[in-house]
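Q: I'm new to this one and would like a close look at a single part. Could you walk me through it?
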Amino acid sequence: MFGLTALELARIQFGFTISFHIVFPAITIGLASYLAVLEGLWLWTKDTVYRDLYHFWSKIFAVNFAMGVVSGLVMAYQFGTNWSYFSAFAGSITGPLLTYEVLTAFFLEAGFLGVALFGWNKVGPGLHFFASIMVASGTLISAGWIVASNSWMHTPQGFEIVSGRVVPVDWLKVIFNPSYPYRLAHMVVAAYLATALFVGASGAWHLLKRRHTRATRTMMSMAMWMVLVVAPLQIAIGDALGLNTLKHQPAKIAAVEGHWESKPGESIPLILFGWPDMAAETTRYAVEIPYLGSLILTHDWNGRIPGLKEFAPEDRPNSTIVFWSFRIMVGLGMLMLLLGVWSLWLRSRQRLFGSKLFLRFVVMMGPSGLIAILTGWYTTEIGRQPWVVYGVMRTKDAVSNHSALALSVTLIVILVMYFAIFGTGISYMLKLVVKGPEEHGPEDAPDESDGQNRRPARPLSAVPESFNPGVG
Amino acid sequence: MGIDLPLIWAIIISFGMMMYVIMDGFDLGIGILFPFVHDRHDRDTMVNTVAPVWDGNETWLALGGAALMAAFPLAYSVILSALYLPIVLMLGGLIWRGVAFEFRFKADEAHKPFWNKAFAWGSYIATLSQGIALGAFINGFEVTGGAYSGGALDWLSPFSLFTGLGLVVAYALLGSTWLVMKTDGALQVRMKELARPVTMAVLAMIAIVSLWTPLSHPAVAARWFSLPNIVFFAPVPILVLLATWAILRTLRQDSHAAPFLFALFLLFLGYSGLAISLWPNIIPPSISIWDAAAPPESMGFTLVGALFIIPFILAYTTWSYYVFRGKVRTGEGYH
């Protein structure tokens, strides 16, 4: 297809399916914790606004969760179908970590989700709160295992290679590999940040439509506090991960910076914008700030990093892509920081819900967390190339022996299906957001139990509303 | 090493896959029975009987994939790349059906028929792909130097198409007897009527596969028909006949759960028969569980977690079925 090789098609297929997938678990991680917090506040303060927000966001959570489950099942099989040499070589490490994820996280989420979504009137408040906490814990445990597996592919250790395959010798070293704590923190905080931006944008959208209810104000206010705290935290974690990457994967940093060679006695400038040209081994049209590269990358005014020319051409990641994906992520991160600070300033003047300009900015920033997650993952994964297990196995040696034809056919099927189904699901989620939270007084508890459409069918049927999903 | 880790893992994975087959079997069966039921209220009731449990059922499939990679990475890589196209079809079917499950309740009237079709088609395609994959697995894979070396369409054969059809009928049996247990009134009567011919069809499928496999695979024939094996394994076909008779008999009586329980037993027997035929190969025709095993460091590490956690999982699963126990009636939710 389009003259692409089987390897390129396999990479596109993996990249496409995982990009679609990661959006759902990121929101799942954030919303699960948000729901547990809302329920805790409801039990503690008995303020009905928290209960109403819980019911509103749990419907959106249910739709999102289902899409995460079905798109994730594809991932569990794709390692074998498309990357069979990788699985045969390193399945002895990836497999156990994935198995632990299924055992400790997936079953935990599935086991308690039913009660969390449909058990509001069936079990006591304490048991229901426990179920919500179990679901939230399941999402975090899941992230813990899958990021361990991914980090090991970036900074592998704790293994030997015996007769052509990986043999784990020290599981603590395998799991707690050098980049693991940074990656895990960066991903979980990214999920919280992306969710806060999404929740904040939903609140701001309703405020712009002049729906100044307690529920819309509360969700907007909670989200802005979260962004204020988490955005700077995420920048600090990202900086630490950058230093860690420089130590373990210097070629990736050189590619991210479009930095080709270090001349003796010169510090590294920060290239703000430019066009890294892989063939010409230079970054064209570079707009540079002297010394700043050294300062950011090494925390030293005259620090030095290796240039891409120090790596053999076949060992270089594609600088053109990661240079830009990284800058998109960082640029959005700076806007998130601005958003948090601006919200604090408005809040101090009691104008958090009044500034139209600010509310429009919050709505626009709604998807920014998810875009930053995608571009961040592109940076780290494309930056790992040409390796699948860094320094140990090359991506071209990992791919299954499928023909370009077989891969093209499956890729087309997957593209059409994903856009149709997940497009429908996402539009469905947005319609729920647009509907807005319903407010109930203390005596007027939400009734989930009547009518044909109000099935407790897990997981999507936590959503009783009927509307047209727009596929057909 | 005192304990035989590959053997223990083969048992755990077989158990997980069997849990998947019987649990997702009856909910896929409901999609398979959709074209035979036209009343919309009955269709809603059918879906409602499995709505609270179906995604938990599907988690066993994720466990099967992950545990196979952990314990037998060679088998995971060879079998999955050999079965690439049927697996993509299966996942596609499961996705359509999974979302249709839920979207059909919320869609506008105009779109509801679309999601009903997606539910039925998704169930058929997923089941057929699983059955075809099973047939291809029995037929075996061409392996050279630790990698699959056959063609992209080697899975396609008259035998694999037949096992595909066989699994559709088997899941229809699970689905119809499940509904006999979970519903009442006209729908239950209809399911009792459907379950009888489906039971006979399942018996015929088991008989044909039981003849076809040894005829085309001498090793399987030797396993079953040599002495003393023929004596040890003779109870399997005898129990198959007894289970079939028991399903047909209890369908005529006023029992509700019995046909489903006997159907589970029948499927278990069929599953055991396959295990007897293929043992100890995990990549038929010649790579055994010991040849394909992961290093003991991987198997041991994962085993600790599996043995500790699986009992808890079985406990929640039982609890969840307990919460949603009893008959489901038209227009009635679980609250």
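Predicted model: local features only at pLDDT ≥ 70, side-chain atom pairs only at ≥ 80, totals over all residues.
What share of the 335 residues in chain B is buried? And once that's clear, please take me to the place where H3(A) and H4(B) pack.

A: In chain B, buried residues account for 54% of the 335 residues. The chain's secondary structure comes to 13 helices and 4 strands, and its C-alpha trace spans about 55 × 40 × 40 Å along the principal axes. A compact globule with 335 residues would have a radius of gyration near 20 Å, and chain B agrees with that, since its own value is 20 Å. As for how the chain folds back on itself, take the contacts between residues at least 6 apart in sequence: 76% of them join residues at least 24 apart.

Now for the helix pair. One partner is helix H4 of chain B, residues 73–82, and the other is helix H3 of chain A, residues 84–118. Two packed helices are described by the angle between their axes and the distance between the axes. Here the angle is about 140° and the axes are 8 Å apart. Angles over 145 degrees would count as roughly antiparallel, so H3(A) and H4(B) are oblique to each other instead. Their crossing is right-handed.

Which residues do the meeting? From H3(A) they include A:Ser84, A:Tyr85, A:Ala88, A:Gly91 and A:Gly95. On the H4(B) side, B:Pro73, B:Leu74, B:Tyr76, B:Val78 and B:Leu80 are among them.

Technical notes:
Residues numbered from 1 in each chain as written. Chains lettered and ligands numbered in written order. Helix = DSSP H or I, 4+ residues; strand = E, 2+ residues; numbered from the N terminus. Rg over C-alpha atoms; globule rule 2.2 N^0.38 Å. Buried ≥ 20, exposed ≤ 12 C-beta atoms within 10 Å, placed from the backbone. Contact = placed C-beta atoms within 7 Å. Axes fitted to C-alpha atoms, helices over the stretch in contact; angles between N-to-C directions. Parallel < 35°, antiparallel > 145°, perpendicular 65-115°, else oblique. Left-handed = near helix turned anticlockwise from the far one by under 90°.
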